[in-house]
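Hello,

Here is the structure I promised to pass on. Please open it first, then read the notes below it.

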Amino acid sequence: MNLSDYIHETIFEEKEKHTYLYELLWANLEEDGFVVTDEDGNEIDSYFKAFAIKNIIGEFTYRLYDEVNETDYEEIISRLDAIGIGIDEIMAYCLSKPEIDADESDSDATVKNALDYTTEIIADKLLELFSADDLFDYLFSATYDFEQDFTYAFEDVDEFQAFVDSNTERLDNYKDEYPTVMQWIEAGMIV
């Protein structure tokens with residue numbers, strides 16, 4: 001199994017309604033040259049970046065619906081272990097990055113710090129690639145249950161984007177309804 005497939009199966013397809021959002025964000029990050037998968041030495045970095053997107057979506061749903069953000073650094077360790085990347089390799093990756101607050105004697109804190117750091121750089125990069133308004137629209141459309149307003153079912157990323165584009169006025173109303181969530185996005189989506 002290649003890493004790209006593994007990321008899609010374990011993160012992007014974990015919640016069906018988020019799949020096209022992940023694909024949209026990931027494709028834009030790839031196009032920008034920000035994520036690299038399936039090249040030796042980049043597996044851990046790519047997985048942290050994909051998991052950081054999950055963390056941002058989890059934080060968005062926490063802020064919007066007061067649901068617990070279930071993104072857990074321990075899941076990174078177990079999922080990487082499942083493809084043969086152990087804690088020693090993860091720690092070596094973390095220790096090689098001066099930006100990550102790493103402690104050789106505390107792997108849990110180090111992995112958590114690596115996720116926090118990666119989430120911050122992914123958030124910054126997403127705000128370079130998309131406006132705060134667009135990010136709200138995409139995150140909201142992928143997480144909100146619209147059944148009381150209208151029915152939707154997405155077949156692919158293009159249909160997801162078309163849905164967002166054709167509902168900008170309605171989505172603007174939700175921005176007005178959730179100003180603190182919009183402010184969180186504009187402030188850099190710090191988790």
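Lys175 and Asp172 are both part of helix H9 (residues 168-177), where they sit 3 residues apart, about one turn of the helix. Salt bridges with shared partners link Asp133, Asp137, Asp172 and Lys175 into one network. Between Lys175 and Asp172 the closest N and O atoms are 2.8 Å apart. Lys175 is buried, at 9% relative accessible area, whereas Asp172 is partly exposed, at 36%. Please keep in mind that the model is predicted.

In total the structure holds 10 salt bridges. Another of them joins the side chains of Asp32 and Lys125, at 2.6 Å from N to O. Asp32 lies in the loop between helix H2 (19-31) and helix H3 (43-65) and Lys125 lies in helix H6, so this pair ties together parts that are 93 residues apart in sequence. Asp32 is partly exposed (38%); Lys125 is buried (14%).

Glu75 and Arg79 also form a salt bridge, with 2.7 Å between the closest N and O atoms. The two are 4 residues apart in helix H4 (residues 73-82), which means about one helical turn separates them.

Some charges form a patch instead. Glu74, Asp101, Asp103, Glu104, Asp106 and Asp108 make up a negative surface patch. Asp101 belongs to the loop between helix H5 (87-96) and helix H6 (107-129), and Asp101 is exposed, at 57%.

As for the whole protein, it has 10 helices and 0 strands.

Regards

Note on methods. Residues are numbered from 1 along each chain as its sequence is written. This is a predicted model: local features need pLDDT of at least 70, side-chain atom pairs count only at pLDDT 80 or more; totals for chains, interfaces and linings use all residues. Side-chain values use heavy atoms; hydrogens and water are left out. Patches are made of residues with over 30% relative accessible area and no salt bridge: like charges are joined within 9 Å, nonpolar side chains (Val, Leu, Ile, Met, Phe, Trp, Tyr) within 5 Å. Accessible areas come from the Shrake-Rupley method with a 1.4 Å probe; for residues, only the protein chains shown count as cover. A salt bridge is a side-chain nitrogen of Lys or Arg within 4 Å of a carboxyl oxygen of Asp or Glu. Lys and Arg count as positive and Asp and Glu as negative; His and the chain ends are not counted. The place of a charge is taken as NZ of Lys, CZ of Arg, CG of Asp or CD of Glu. Buried means under 20% relative accessible area, exposed over 50%, partly exposed in between (1.4 Å probe, protein chains only).
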